[in-house]
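Take a moment to look over the sequence and the model before reading on. The paragraphs below move from individual side chains to the arrangement of strands and helices.

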Amino acid sequence: MERALSRSLLIVDDELPLLMAMKDYFTHFAYDVDCATELEEAVALIEHRRYGLLICDLRLNGTSDREGLNIVSMMRQSSRSARIVLLTAHNSPDLAHEASQLGVHLLVNKPIPLPHLRELIESLTD
Amino acid sequence: MVPPTHLDTLLRPESIRTLFQPIYDIAGDPSVFAFEGLSRGPAGSNFESPDIFFSYARHKRAEHLLDRICIGLVLERSRDLPREARISVNVHASTLTAGGGTFAPFLAAELHRAGVEPSRLIVEVVEHALAWNPHDYAASVDELRAIGVDVALDDIGVGLSNYRMMIDTRPSYLKIDRYLVAGCAFDSRRSVILESIYELAEKLAATVIAEGIETEADLARLRTIGIRFVQGFLFSPPQPAAAFTRHELESLRATS
């Protein structure tokens, strides 16, 4: 994957303070970051822009408690090579299996310190 | 990005910016033929991009509502533009049919409210999704013509602006997408397709408008083909109506 695309990051989370913290943190480390707080906003971004990396919370403030999986699925349709990280506070073996089937590279338990998250992500993209 | 509950926020008039980009008649000295009204979400947000703005609304099942709000704002905010120039607005094909025959009356009411003569208006129809009712579509377009506005088919050459849409829309204007225009001076394939569309338009009694002109070379090629109406950054970027001062407008007419 070309470098510019591999640093192109979409972060989806409905917790605005956490989202802003992640945006600032990854921007500082030279990622080109877009943010979304809703399923539909994330889908619109994925339709019109290219990303090399997605960090997405499983549960957003919508009608489903699995909107993150919809976004993952959309990202996978849009890009076969994008690296995908799913954040959740509700991990389970079933979820891990389903996420893996959809092409999630990492299923990460929340909360996670941002430096640790970055290490995990960079191990994926190296 | 803007805070959560985007949709309610985004549909407020104060959230929607209206810009106008002139369309020029280059038959003689270039002069402004029309101003296309373009809608954008809040600056600095994801919705500043119209693609993302309207795609988001579509996924929220609010695209038709957004279309109507944006058209109302374009008409209202076009008041300071010279009345000799025409105004064009964009609408999705699905919006024309979604309201069960209510779009044309809505548009007539908005024109009246804004004090814009129907004969000044060009409605540019576009569609990005296969989600409208083709049976009602042609009737909806006829209803638009019945209130006295002209109809254009936008994005010719890309997406769903295809031959079927030309037949069903019977447009007065074919607006060629920038993808075919940008670089046409040095790309024989683009040039050949532009010539072909121009000839097709002549046979359909439609007028071609080319958008996305950014270089003198492309402009010269379009002139050679015979295309009379053009739009693009070479002439003017989209900007708020207030940014076009009277002095600038007069000079735009005289020179450009």
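Does B:E110 count as buried or exposed? At 13% relative accessibility, B:E110 counts as buried, where buried means under 20% relative accessible area, exposed means over 50%, and partly exposed lies in between, with a 1.4 Å probe and protein chains only. This is a predicted model, in which local features need pLDDT of at least 70 and side-chain atom pairs count only at pLDDT 80 or more, while totals for chains, interfaces and linings use all residues. Residues are numbered from 1 along each chain as its sequence is written, chains are lettered from A and ligands numbered from 1 in the order in which they are written, and side-chain values use heavy atoms, with hydrogens and water left out.

The side chain of B:E110 meets that of B:R113 in a salt bridge of 2.7 Å, N to O, a salt bridge being a side-chain nitrogen of Lys or Arg within 4 Å of a carboxyl oxygen of Asp or Glu. Both residues lie in helix α5 of chain B, 3 residues apart, which is about one turn of the helix; helices (H or I, at least four residues) and strands (E, at least two) are DSSP runs, numbered from the N terminus.

B:R113 also forms a salt bridge with B:E76, with the closest N and O atoms 3.4 Å apart. Because B:R113 belongs to helix α5 (residues 103-114) and B:E76 to helix α3 (residues 63-77) of chain B, this pair ties together parts that are 37 residues apart in sequence. B:R113 is partly exposed at 46% relative accessibility, and B:E76 is partly exposed at 31%.

Elsewhere in chain B, a salt bridge joins B:D150 and B:R86, whose closest N and O atoms are 2.9 Å apart. This pair links distant parts of the chain, since B:D150 is in strand β5 (residues 150-156) and B:R86 in strand β3 (residues 86-92), 64 residues apart. B:D150 is partly exposed, with a relative accessible area of 23%, whereas B:R86 counts as buried at 14%. Over all chains, a search of the whole structure finds 25 salt bridges.

Chain A contains an open sheet of 5 strands in the order β2-β1-β3-β4-β5, with parallel pairing; two strands pair if DSSP finds at least two bridges between them. Its edge strands are β2 (32-36) and β5 (106-109), each of which pairs on one side only. Within the sheet, strand β3 (residues 53-57) and strand β4 (residues 83-88) of chain A pair in the parallel sense over 5 bridges, and A:I55 stands opposite A:V85 in β4(A).
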